[in-house]
Amino acid sequence: MQALYAQLLVGLINGSFYALLSLGLAVIFGMLNIINFAHGALYMMGAFCAYFLLNGLGLNYWYALVIAPVAVGIFGMVLERTLLKWLAGLDHLYGLLLTFGIALIIQGVFQNYFGSSGLPYAIPPQLQGGMNLGFMFLPIYRGWVVVFSLVVCLATWYLIERTRLGAYLRAATENPNLVRAFGINVPRMITLTYGLGIGLAALAGVLSAPINQVRPLMGADLIIVVFAVVVIGGMGSIMGSVITGFALGVVEGLTKYFYPEASNTVVFVLMVLVLLVKPTGLTGRAT
Amino acid sequence: MSVITDNSTPASSGRGIRDEMVAFVIMAALLATVPFTGIYPFFVMQALCFALFACAFNLLIGYGGLLSFGHAMFLGTAGYFTAHALKVWGVSPEIGIVVGTAGACALSVVTGWISIRRQGIYFAMITLALSQLVFFVYLQTPFTHGEDGIQGIPQGMLFGLFDLSKPTTLYYVILVAFLLAFLLIFRAINSPFGEVLKAIRENEPRAVSLGYKADQYKLMAFILSGTLSGFAGSLKVFVAQNASLTDVHWTMSGEIVLMALIGGLGTVFGPVVGAFIIVAMQQYLAGFGQWVTVIQGAIFVICVLTFRRGIVGEIAALFKRSL
């Protein structure tokens with residue numbers, strides 16, 4: 001039973017990364033009509049940012065948790081202003097191709113300087129050690145990742161669904177021209193939205209740095225799983241992305257315990273099943 | 001509705017087809033003289049395999065409007081099947097090619113049936129996820145030998161007549177196979193089937209209202225594209241004499257998109273030009289390590305932002321011809 005709980009925890013942690021990343025993808029897709037293939041590369045940049053802050057500037061994990069998402073988010077906004085904005089009005093697939101190119105550039109540059117092996121990033125001292133919960137041993141850092149991701153996801157949900165800014169954002173997703181006519185600066189909002197989505201990805205990167213090593217390709221395979229998560233959940237609702245992300249992480253964890261051979265593929269198999277039963281995704285609307 | 005390819009494909013006119021046939025003859029003649037020029041034949045053979053792969057991919061995106069981000073699964077599957085048949089079963093080359101191509105065909109029936117349920121961006125994500133699923137299956141099944149791949153594959157005698165271990169013989173066999181497959185694609189594009197496909201790409205609801213079963217046409221295009229990609233994968237086994245995970249990886253799917261994009265999506269000859277450019281680039285920049293990836297990424301960015309028609313598409317637009 002210990003092993004089962006341990007795998008469930010690993011599943012929840014992966015699920016929190018799926019949730020943070022698919023949430024960002026959904027928000028970006030809503031505003032920019034772009035599936036951001038560079039999401040995995042920017043997640044990786046978040047982790048590297050934390051690594052540089054610690055080893056270059058001596059700023060610890062807690063600083064990285066704030067600085068990395070902001071810094072990578074700003075980098076994302078620069079990308080949006082200089083490259084992505086030219087795609088307005090073109091087929092959505094060009095956005096996929098452009099961001100795929102951006103991902104190749106970012107990952108290639110990091111691979112040149114850091115090879116493919118992982119760099120270690122220590123768990124911050126405040127979160128080291130573990131707790132004995134009676135039925136299982138809980139490493140504190142892992143518990144922290146799950147709780148903190150959940151809080152961030154809910155905060156994002158609140159921001160988009162319950163605040164005035166979020167209302168503008170949702171309105172601009174539905175009809176940007178009309179919102180612009182009301183005097184709201186939609187292009188700036190698009191840039192900020194992209195920055196927000198990227199910031200979430202970078203935050204996931206910082207969270208994962210102490211668990212998975214910091215590697216140039218750490219986001220490359222992850223983003224494909226997240227795509228499958230997005231197909232399963234649909235990009236229609238924020239809460240849908242979060243719940244699907246966590247749920248699939250748990251399913252993956254369970255698979256690792258009961259049938260480890262399929263743990264790499266279970267999310268894709270589920271995607272196939274969902275497509276066969278409900279092609280629009282669990283929360284999605286017909287497109 | 002905007003369409004992924006900026007290259008207009010006008011309804012086949014007599015002149016368009018005549019231009020393309022002239023270009024085809026020139027291409028065939030140029031390729032036939034390669035062994036006499038001292039150009040490294042291995043390079044051209046490899047490029048021809050990728051050119052066929054890119055043409056097959058282009059059939060789906062350029063004429064069906066479906067961007068597959070998982071076409072490596074067909075290349076890799078056929079490669080593994082052919083390699084296994086040749087090395088373990090010891091079959092003759094033609095049987096090996098049939099086994100590989102049939103494997104890719106079967107895979108394309110299943111994956112096509114699943115993925116055409118969604119369109120556009122979702123179709124791309126689904127095909128990518130499916131190819132990743134296939135990748136992990138090959139990573140774990142024993143017959144592919146995991147990270148090592150299947151190596152040292154015997155080339156054998158094609159039809160008992162042509163010794164494929166001789167570079168020149170192999171070159172002409174690959175060339176003939178490429179040209180035949182190219183003509184098949186060309187024929188498909190200009191057939192009634194191809195016209196319906198273009199109609200669906202331009203305006204699916206209208207094509208459906210005219211009584212065409214859009215999903216069946218899309219599935220047919222997907223199967224044709226996947227099978228021909230598999231054919232390219234089977235041929236590649238004879239050139240590279242190995243089958244490895246590289247051919248099933250998502251980076252390969254990305255490369256084939258890049259080849260078609262740089263040459264010109266929806267052009268007949270664009271993918272061939274694109275394949276030669278990218279294979280040559282990899283050949284000459286092999287010493288620069290991961291900078292090749294960076295350059296490929298940069299080409300993606302430049303192509304999407306500045307010339308979406310691709311090289312052949314731009315030339316065709318300049319001369320107002322269809323190529």
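**Group meeting: a two-chain predicted model**

From the N terminus on, the elements of chain A run α-α-α-α-β-β-α-α-α-α-α-α-α, which amounts to 11 helices and 2 strands, where helices (H or I, at least four residues) and strands (E, at least two) are DSSP runs, numbered from the N terminus. What I am showing is a predicted model, in which local features need pLDDT of at least 70 and side-chain atom pairs count only at pLDDT 80 or more, while totals for chains, interfaces and linings use all residues. Residues are numbered from 1 along each chain as its sequence is written, chains are lettered from A and ligands numbered from 1 in the order in which they are written, and side-chain values use heavy atoms, with hydrogens and water left out.

Let me stay with chain A for a moment. Its radius of gyration is 19 Å, close to the 19 Å that the globule rule gives for 287 residues, so chain A is as compact as a globular protein of that length; the radius is taken over C-alpha atoms, and the rule is 2.2 Å times the number of residues to the power 0.38. Along its principal axes the C-alpha trace of chain A spans about 60 × 50 × 35 Å. Of its 287 residues, 54% are buried, where buried means under 20% relative accessible area, exposed over 50%, and partly exposed in between, with a 1.4 Å probe and protein chains only. Chain A exposes about 11,800 Å², and carbon and sulfur atoms supply 67% of that area, as given by the Shrake-Rupley method with a 1.4 Å probe, where for residues only the protein chains shown count as cover.

A:Val146 lies in helix H5, residues 140–162, and counts as buried because its relative accessibility is 12%. Which residues does A:Val146 touch, not counting those up to four places away in sequence? They are A:Leu9, A:Leu12, A:Ile13, A:Ser16 and A:Phe246, with contact meaning heavy atoms within 4.5 Å. A:Phe246 is 100 residues away from A:Val146 along the chain, yet their C-alpha atoms are separated by 9.5 Å. Leaving out residues up to four places away in sequence, A:Ser241 touches A:Ala19, A:Ser22, A:Leu23, A:Ala26 and A:Gly234.

Turning to chain B, we find 14 helices and 4 strands. With 323 residues, a compact globule would have a radius of gyration near 20 Å, and chain B, at 19 Å, agrees with that. The C-alpha trace of chain B spans about 50 × 45 × 40 Å along its principal axes, and buried residues make up 58% of the 323. Within chain B, B:Ala85 sits in helix H4, residues 72–89, and counts as buried at 0% relative accessibility. Not counting residues up to four places away in sequence, B:Ala85 touches B:Gly90, B:Val91, B:Gly96 and B:Val99, while B:Gly100, 15 residues from B:Ala85 in sequence, is 8.2 Å away from it in space, C-alpha to C-alpha.

How do the two chains meet? The contact takes 43 residues from chain B and 48 residues from chain A. Between them the chains bury about 4,200 Å², 78% of it on carbon and sulfur atoms, buried area being the accessible area (1.4 Å probe) that two parts lose on being put together, summed over both. B:Ile121, B:Met125 and B:Trp250 supply 15% of the area that chain B buries against chain A, more than any other three residues.

I will finish with the backbone. Most residues other than glycine have a negative phi. A:Asn33, which is not a glycine, has a positive phi of about 55 degrees; its place is in the loop between helix H1 (2–32) and helix H2 (39–56) of chain A, and at 36% relative accessibility A:Asn33 counts as partly exposed. In chain B, phi of B:Gln241 is near 55 degrees, a positive value in a residue other than glycine. B:Gln241 lies in the loop between helix H10 (214–240) and strand E4 (242–243) of chain B, and B:Gln241 is partly exposed, with a relative accessible area of 31%.
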